[in-house]
Protein chains: 2
Amino acid sequence: MTEPHPLPARFPVTVDVVALTVRDGALNVLLITRLIDPFRGQLALPGGFVLAGEELLTAAGRELAEETGVGRLPGHLEQLGSYGPKGRDPRGDVLTVAHLLLAPDFPVLAAGSDAAHAAWYPVRQVMNGEVRLAFDHERILSDALERAKSKLEYSPLGAAFCGLEFTIAQLRAVYEAVWGTRLDPRNFHRKATGTPDFLEDTGRMTAGDAGRPAALYRLAEAARPAAGQPARAVLNPPLMRPRD
Amino acid sequence: MTEPHPLPARFPVTVDVVALTVRDGALNVLLITRLIDPFRGQLALPGGFVLAGEELLTAAGRELAEETGVGRLPGHLEQLGSYGPKGRDPRGDVLTVAHLLLAPDFPVLAAGSDAAHAAWYPVRQVMNGEVRLAFDHERILSDALERAKSKLEYSPLGAAFCGLEFTIAQLRAVYEAVWGTRLDPRNFHRKATGTPDFLEDTGRMTAGDAGRPAALYRLAEAARPAAGQPARAVLNPPLMRPRD
DNA sequence: GTATTTATCGTCACCTTGACAATAAGTCGG
DNA sequence: CCGACTTATTGTCAAGGTGACGATAAATAC
């Protein structure tokens with residue numbers, strides 16, 4: 001915070017959002033098809049310019065809402081990190097602050113804005129090169145995935161992918177999709193229900209599905225996002241992903 | 001990354017650095033005394049404007065070097081997060097990208113630049129209100145401390161506070177200073193030397209200090225920062241700080 | 001009703017951790 | 001040089017957590 005001798009530059013600042021969800025057991029990311037240059041016709045992360053007087057997180061939420069046509073954003077939104085400003089946009093130096101949304105599956109209006117239209121894509125298709133992203137968005141997605149994976153280990157945020165109430169199996173499906181591994185249902189059940197300040201039994205059960213009905217849980221009070229505060233409680237000891 | 005209807009704003013972008021080190025068993029942070037307004041005479045994090053065509057990490061390193069008079073920066077520098085742009089600088093909206101440096105104790109030239117002069121301060125003095133920081137730097141410091149604490153748990157970065165070679169006791173002193181707890185020397189020794197891909201025995205020993213000489217270790221090959229790559233190896237299982 | 005599916009509870013061996021005893025190998029003060 | 005002291009390092013042991021997997025419970029599917 002010292003004044004420069006050299007000329008300070010002003011940069012256009014954008015916010016981008018890596019919105020992740022689990023659909024049909026697979027991790028999906030929300031992408032927009034760019035309708036304008038640069039990268040017209042290519043897929044990219046949703047995002048846009050920060051407006052004067054706007055906070056970063058607010059801007060990220062606003063852009064995502066605009067481009068998906070969603071009213072109130074579900075899930076958990078947090079800052080991921082900043083990229084640039086050098087050499088990431090052919091139009092010039094642009095700084096972007098990437099964000100991460102972990103959310104239950106929600107429907108997107110394909111024609112959310114006249115500049116882009118949004119849809120969910122399996123993350124696997126991006127990672128294996130089947131789908132290419134504009135700008136440096138593949139790198140951002142890759143960082144977001146690593147962040148999401150590690151968040152599940154030590155925070156209760158896996159539940160952000162579920163609705164308000166969910167079964168242990170649904171939560172396990174989230175972990176399996178994000179980590180890309182299978183987990184033993186019995187051991188996961190033990191850990192999830194045995195970890196203090198994580199889950200709370202609602203007393204209700206599922207019905208209608210195949211197999212034995214499952215108990216419905218919700219996030220424990222201590223694990224829910226307090227107003228304005230960061231996510232507080234941690235999983236201790238953590239629920240580590242298998243490393244081989 | 002969608003074009004805006006509303007006017008995109010251009011923001012001045014600064015980089016700030018929370019440089020942490022351990023001196024005399026206490027965690028210290030590098031602060032500069034502001035010689036100009038705003039906040040003239042107050043303490044603040046070192047930092048400054050990002051120049052055109054400059055990367056964030058580069059800018060952070062450059063500013064820190066300028067304000068401390070240090071040639072090559074020691075330790076580990078990483079991005080912490082971005083703050084703003086709203087309401088954090090009386091002169092107007094400024095976005096800042098905060099960084100975190102974990103480094104061995106290094107001497108700073110008090111008169112590093114004509115805009116500020118730098119010195120190490122015990123973190124405790126800031127946290128207990130004995131020393132106040134300008135801008136929103138207390139919040140940034142607080143986020144940096146939490147990041148540092150958690151980094152020690154699952155990454156080998158505690159060693160970034162030490163020199164190239166260090167004893168287990170020196171490393172333990174780092175953990176104790178950052179976490180603000182005492183650790184059992186015998187259990188810490190077992191964990192540090194027993195964790196794969198963490199430490200490497202140099203075969204050499206300390207001499208001259210009180211007590212039995214200690215073996216000197218260095219970071220294991222796998223735990224050292226590969227060129228351009230993020231810090232790779234993790235402590236698995238992690239070395240969790242005591243929670244009470 | 002029987003097979004199938006999914007949920008949940010238990011068991012057991014192994015590993016890690018926290019608490020703490022014991023020993024090793026220097027310096028320090030005389 | 002000696003005993004006192006300091007710090008490093010090796011062990012021991014019990015408690016807790018985890019992975020592998022058996023067994024049972026309670027639905028749906030045929």
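In this predicted model, a base nitrogen of DNA strand C sits 2.8 Å from an N or O atom in the side chain of Arg186(B), a polar contact in the sense of N or O atoms paired within 3.5 Å. Arg190(B) puts a polar side-chain atom 2.8 Å from a base nitrogen of DNA strand C as well.

Stepping back, 23 residues surround DNA strand C, counted when a heavy atom lies within 4 Å of it.

Chain A itself splits into domain 1 (13–136) and domain 2 (152–223), with bounds from an automatic or database domain assignment. About 720 Å² is buried between these two domains of chain A, and carbon and sulfur atoms give 79% of that area (buried area is the accessible area, 1.4 Å probe, that two parts lose on being put together, summed over both). On the domain 1 side, Val22(A), Leu27(A) and Leu102(A) lose the most, together 55% of what that side buries. The salt bridge count between the domains is 0 (a side-chain nitrogen of Lys or Arg within 4 Å of a carboxyl oxygen of Asp or Glu).

Residues are numbered from 1 along each chain as its sequence is written, and chains are lettered from A and ligands numbered from 1 in written order. Local features need pLDDT of at least 70, side-chain atom pairs count only at pLDDT 80 or more, and totals for chains, interfaces and linings use all residues, while side-chain values use heavy atoms, leaving out hydrogens and water.

Key
Polar contact = N/O pair within 3.5 Å; in protein donor to acceptor, adjacent residues only side chain to side chain.
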